[in-house]
Amino acid sequence: MSGDADGTHLTFLGRTDEVGLDDLAERYRYPDGLRACWVRANMIMSADGGATSAGKSGALGGAGDRAVFTSLRDLADVVIVGASTARVENYSGAQVSATGRAARRRRGQSEVPPIAVLTRSGDLDADAALFHHTSVAPLILTSSRAADDTRRRLGSLAEVIDASAALPDSVDLATALAMLAERGLLRVLAEGGPGILGMFTQADLLDELCITVAPVMLGGAPHRIVTGDGEVRHDMRLAHALGDDAGYLYLRYQRRRDGTAG
């Protein structure tokens, strides 16, 4: 990335002009005039499609990926993650720089996006970094059956939201998004894991997929970045493709709906 101390530079594929931080914010800007949640997923994978190395997605990243990751979080109203991923990756609250906070205020956003955890059981450790290494309380999107117990266990550490629909022991994604929309959290960033993204895809609720392709081979053991039962086909269009001098690719795809994206 232009100006980074570690010397990482991002460019558009086939071009030599560099992409700076301000350019990233513009290139990944959410659509204007949103009235419902726009769900963007951000995932990293190996060149042969693996979602993790040594069990963690973070082990695949590099300096450019961290810059894109930070920019995407800075632009989001809320960051959604599954409970399993929150545990494995040891999630804490989003960290936003002073410059990022100022930019968010100018866009009419809160200074820091909350982390929203999808968990039908509500089984989260109250001592986890998610609840203590954060400047804003996380949102726990859970089932009717687990909501009261989760509120008792977590107390003021989190806002617990009943996101069930007809099935009291599950989380309904459309209901969860409606709850976020009621709070004005329309710019949604989903960071996984693969099962959660599979659920969003299956429910036809994923609008955009941002993929970092790491220049490594892993073999067949790791999961893909999206998993689930059966096959669901959604046509996408490539909004942009970036690369860096470390060999990473940064791809942004948007859904085609009625022949257009968005």
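A: Contact here means heavy atoms within 4.5 Å. By this rule, 15 residues of domain 1 are in contact with 18 residues of domain 2. The model is predicted, so local features need pLDDT of at least 70 and side-chain atom pairs count only at pLDDT 80 or more, whereas totals for chains, interfaces and linings use all residues. Residues are numbered from 1 along each chain as its sequence is written, and side-chain values use heavy atoms, with hydrogens and water left out.

Between the two domains it is about 1,300 Å², and carbon and sulfur atoms give 54% of it. On the side of domain 1, Arg73, Asp74 and Leu205 lose the most area to domain 2, together 37% of what that side buries.

The interface has zero salt bridges, a salt bridge being a side-chain nitrogen of Lys or Arg within 4 Å of a carboxyl oxygen of Asp or Glu. The elements that give two or more residues to the side of domain 1 touching domain 2 are helix H2 (63-75) and helix H8 (194-202); helices are DSSP runs (H or I, at least four residues), numbered from the N terminus.

Definitions and conventions
Buried area is the accessible area (1.4 Å probe) that two parts lose on being put together, summed over both.
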